[in-house]
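Here are my notes on this one, point by point. Have the model open while you read.

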Amino acid sequence: MNATTPDLTLYNTLTRQKDRFVPLDEKRVTMYVCGPTVYNHAHIGNARPAVAFDVLVRVLRRLYPQVIYVRNITDIEDKIIEMAQAEGVEISVITERYADIYRADMGALGVALPDVEPLATETIPEMIAMMERLIAAGHAYEAEGHVLFDVPSFPDYGALSRRPMDEMIAGARVEVAPYKKSPGDFVLWKPSTDEQPGWESPWGRGRPGWHIECSAMIEKHLGETIDIHGGGIDLQFPHHENELAQSLCSHEGAPFARYWLHNGFVNMNTEKMSKSLGNVLLVHDLIEAAPGEAIRLALLNAHYRQPLEWNDDVLPQSKAMLDRLYGAIRKLGDVTAVTDDVVPDAFLEALLDDLNTPKALAELFVMAKKANVATDDGERAQLKAALVQSGFLLGILQQDANSWFEGEAAGATDLDAAAIEAQIEARKAARASKDFAEADRIRDALADAGVLIEDGPEGTKWKLAG
RNA sequence: GGCCACGUGGCGGAGUGGUUACGCAGCGGAUUGCAAAUCCGUGCACCCCAGUUCGAUUCUGGGCGUGGCCUCCA
């Protein structure tokens with residue numbers, strides 16, 4: 001990062017403002033994001049944090065020599081158990097199935113795997129150790145085979161979500177199990193029946209509650225204090241509040257996450273996405289209908305903290321945006337991109353300003369415009385590099401431009417590339433002999449087959465209709 | 001009920017106390033054999049009501065609407 005590069009600022013839920021990001025150790029930046037509970041397919045809303053924080057990691061890697069990104073997989077949970085029992089299989093059958101699907105779906109969106117992808121079931125000893133420390137420190141207690149966090153023992157509880165404890169209790173919707181000392185206490189460990197999966201512990205055979213796993217995995221892989229903790233806004237309370245309490249209290253008050261980031265929701269036609277409304281869009285289905293890159297761009301077209309409106313127009317629009325960007329790159333096909341770092345300042349500044357991806361995209365279109373009018377090959381080589389390098393930070397524009405136009409919609413036509421080229425040659429001959437009726441007939445026939453023709457100074461190009 | 005976000009043109013979506021966001025779609029023109037792509041130009045906006053201000057979409061208050069959390073859901 002040179003002297004003219006502005007600082008990265010991130011909106012920190014802890015402080016409710018944009019804070020300048022200063023890592024604890026600039027040689028080793030640590031980041032944790034809450035991953036999926038693997039018992040079903042991921043929907044487009046689940047994909048949002050994966051994509052948003054994937055961009056953040058790309059930006060961080062540009063700024064710092066080492067970034068360790070951990071995203072967990074929750075593979076022990078009651079809904080998983082129910083599904084396994086319904087199918088009569090071990091929970092690992094369920095969790096491995098959906099974890100594989102999750103990785104594949106996110107991969108289709110250009111989301112790179114995290115550096116570490118820990119499983120809750122592989123972190124049980126660390127969870128038990130943490131609970132023992134919490135009990136020893138007076139922040140947790142055992143009751144009827146459960147281990148519960150003693151919320152009143154931690155006066156700062158509620159600081160992240162800004163919820164005073166007494167107020168929450170007044171909400172009166174908190175489950176008040178008889179073994180709880182206080183209504184707000186939450187479960188760290190609970191007993192398992194013989195039919196339920198469980199692990200031996202000092203409190204009998206049981207299984208972990210939800211929140212403890214993240215605390216334990218962070219401690220195990222990243223240490224007591226991490227730089228960035230991310231997740232969906234819905235996790236702010238109670239999940240993250242509880243993580244914070246557990247980690248702080250088991251580490252003698254050492255700071256937990258220094259920057260808390262939360263992404264907004266995806267709305268469907270201005271209403272929420274829910275199974276009962278039947279408007280849940282699964283990533284698994286979307287990638288059959290549209291290029292993963294277009295889905296990714298749709299998610300990046302809005303700022304990650306804002307609500308994102310999804311409707312039937314969103315994907316076609318995103319695809320059209322990519323057509324324009326790739327179209328500009330394709331026009332630069334005759335020059336070789338320079339290898340210097342030429343990411344424009346305006347583009348980078350947008351991303352450094354709390355990941356303003358819509359602004360960054362606008363800058364990308366500025367580059368495309370310049371590329372479309374540029375005549376100097378030196379400038380064009382620069383712009384080609386700028387487009388691709390900037391696109392890399394967003395996780396787009398990394399494929400060959402012709403591949404985008406000719407290959408992305410594979411399946412939209414029965415013709416193969418050779419057949420298309422042959423038709424184009426035939427049309428070229430017809431045009432050369434001024435037989436425009438025949439030329440148009442060929443073009444229309446190709447169009448009917450889903451192939452669109454573009455004549456240019458360097459010959460005829462084609463693309464598959466979206 | 002409590003707490004918290006958001007409400008921008010046909011659609012998605014930035015941003016700002018007074019100046020073009022950007023993209024998609026539309027319209028006009030250039031270019032093209034005709035198209036497409038590209039370029040040039042262009043129409044369309046800031047939920048409602050008060051207040052602060054010389055001036056508010058941008059600040060304050062109220063209202064309405066949508067959404068989130070408070071029930072181990074991104």
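1. Where is Phe-256 found? Phe-256 sits in the loop between helix 7 (236–250) and strand 10. Helices (H or I, at least four residues) and strands (E, at least two) are DSSP runs, numbered from the N terminus.

2. A word on what you are looking at: this is a predicted model, in which local features need pLDDT of at least 70, side-chain atom pairs count only at pLDDT 80 or more, and totals for chains, interfaces and linings use all residues. Residues are numbered from 1 along each chain as its sequence is written, while chains are lettered from A and ligands numbered from 1 in the order in which they are written.

3. Phe-256 is buried, because 25 other C-beta atoms lie within 10 Å (buried: 20 or more other C-beta atoms within 10 Å of its own; exposed: 12 or fewer; partly exposed: in between; C-beta atoms are placed from the backbone). Neighbours within four places in sequence aside, Phe-256 is in contact with Thr-225, Leu-244, Ser-247 and Leu-248; contact is taken as C-beta atoms, placed from the backbone, within 7 Å. Between Phe-256 and Ile-76 there are 24 Å, C-alpha to C-alpha, and 180 residues in sequence.

4. Now the whole chain. Chain A has 466 residues, 44% of them buried, and its secondary structure comes to 16 helices and 15 strands. The C-alpha atoms fill a box of roughly 90 × 55 × 35 Å along the principal axes. Among contacts in chain A with a separation of 6 or more, 73% join residues 24 or more positions apart.

5. On domains, the assignment gives domain 1 (9–263), domain 2 (268–406) and domain 3 (409–464); such bounds come from an automatic or database domain assignment. The C-alpha centres of domain 1 and domain 3 are 55 Å apart.

6. Have a look at the open sheet of four strands, with order 4-3-9-10 and parallel pairing (two strands pair if DSSP finds at least two bridges between them). Strand 4 (67–71) and strand 10 (257–263) are the edge strands, each pairing on one side only. From one strand to the next, the twist averages 20°. Strand 3 (residues 29–33) and strand 4 are joined in parallel by five bridges, and Val-29 has Val-67 as its bridge partner in strand 4. Helix 6 (residues 210–222) lies across strand 3, strand 4 and strand 9 (226–232), at about 155° to strand 4. Axes here are lines fitted to C-alpha atoms, for helices over the stretch in contact, and angles run from 0 to 180 degrees between N-to-C directions.

7. The antiparallel part is worth a look too. Strand 5 (residues 140–143) and strand 6 share four bridges and form a hairpin with two residues between them. Glu-144 in the turn has a positive phi of about 50°. Phe-149 is the bridge partner of Ala-140 and also of Phe-186 in strand 7; strand 6 and strand 7 (residues 186–191) pair antiparallel over three bridges. In strand 6 (residues 146–149), His-146 and Leu-148 point one way, Val-147 and Phe-149 the other, and all are buried.

8. Last, a helix pair. Helix 9 (residues 292–300) and helix 10 (residues 314–331) have axes that come within 8 Å and cross at roughly 105°, which means that helix 9 is roughly perpendicular to helix 10 (under 35 degrees is roughly parallel, over 145 roughly antiparallel, 65 to 115 roughly perpendicular, the rest oblique). Residues making the contact include Ile-295 and Leu-297 of helix 9 and Met-321 and Leu-322 of helix 10.

Notes. Two residues are in contact if their C-beta atoms, placed from the backbone, lie within 7 Å.
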